[in-house]
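Subject: Structure to look through

Dear colleague,

Here is the structure I promised to pass on to you. Please open it beside this message, and then read on for what was found in it.

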Amino acid sequence: MAQPQTIARPYAKAVFDLAENDAEQQRWQQFLSAAAELANEPEVMQHMHTPGFSTLIEQWLNEWLEKSREQGVTEQEHNFLLLLETHGRFAVLPEIAETFVELCSASHNSCIAHVKSAQALDDKAQQALIGMLEQKLGKTVTLEVEEVPELMAGVVIEYDGQVINQSLQGRLQQFARKLDD
């Protein structure tokens, strides 16, 4: 079975190609973010494969979007929901939204680095990490930091499909794999 990111990429790319300017990218990003948030709700997940589900999710999205961006679901967004329903792809909405953001960032010579840290990173540590990544990548970097105590120590950095695992947990797992070999 294909990975969710693999399934999501052509959908995100198609939406990215539809968004002809920054304003449209922003609109799509709001829509996809809201749809992804809904798709992650347990109550929604239970009904995802129900026939006509796109009508229900569109109603929810329409209400939320009218409040947040003062415009409900557009015709293109409506058609996108129908396409997802036809192909049974509602479950990958979070991955579609994430991939779309990555495509938008890449078009602006920037990227989002997802950082999982065993401890909270202060501003100085975050700025140092941004500086190191910007120098390495040659583009503007935005951090999304999440504290994950299970890592024990260190960080895991994910950006542009790359992973740098400098956590104690990752190093212990790597050591265990070497012992198994």
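A word on terms comes before the findings: helices (H or I, at least four residues) and strands (E, at least two) are DSSP runs, numbered from the N terminus. Please bear in mind that this is a predicted model, in which local features need pLDDT of at least 70 and side-chain atom pairs count only at pLDDT 80 or more, while totals for chains, interfaces and linings use all residues. Residues are numbered from 1 along each chain as its sequence is written, and side-chain values use heavy atoms, with hydrogens and water left out.

The chain contains eight helices and four strands, and from the N terminus on the order of these elements is α-α-α-α-α-α-β-α-β-β-β-α. Its C-alpha trace spans about 50 × 40 × 25 Å along the principal axes. Of the 181 residues, 36% count as buried, where buried means under 20% relative accessible area, exposed means over 50%, and partly exposed lies in between (1.4 Å probe, protein chains only).

A polar atom of the side chain of Ser-117 lies 2.4 Å from the backbone oxygen of Gln-119. If neighbours within four places in sequence are left aside, Ser-117 is in contact (heavy atoms within 4.5 Å) with Glu-146, Glu-147, Val-148, Leu-151, Gly-154 and Val-155.

Next come the aromatic rings. Rings of Phe, Tyr and Trp (its six-membered ring) pair if their centres lie within 6.5 Å, and planes under 30 degrees apart count as stacked, over 60 as edge-to-face and the rest as tilted. A search of the whole structure finds four such aromatic pairs. In one of them, the ring centres of Phe-16 and Phe-100 are 6.3 Å apart and the planes stand at 65 degrees, so this pair is edge-to-face. The pair links distant parts of the chain, since Phe-16 belongs to helix 1 (residues 4-18) and Phe-100 to helix 6 (residues 93-107), 84 residues apart. Phe-16 is buried at a relative accessible area of 17%, and Phe-100 is buried at 0%.

Trp-28 and Phe-31 also pair edge-to-face, because their ring centres lie 5.6 Å apart and their planes are at 85 degrees. Both lie in helix 2 (residues 22-39), three residues apart, which is about one turn of the helix. Trp-28 has 0% relative accessibility and counts as buried, while Phe-31 is buried with a relative accessible area of 0%. Together with Phe-80, Trp-28 and Phe-31 form one aromatic cluster.

A pocket, on a 1 Å grid over the protein atoms alone, is an open set of points where a 1.4 Å probe fits, with protein on both sides within 12 Å along at least five of seven lines, and its lining residues have an atom within 4 Å of a point. The largest pocket holds about 310 Å³ of space, a volume being the space filled by probe spheres set on the points, which are joined across faces, edges and corners. Of its 15 lining residues, the closest to its centre are Gln-5, Glu-98, Glu-102, His-114 and Glu-158. Helix 6 gives the largest share of the lining, five residues.

With best wishes

Methods: A polar contact is a pair of N or O atoms within 3.5 Å; within protein, one must be able to donate a hydrogen and the other to accept it, and residues adjacent in sequence count only if both atoms are side-chain atoms.
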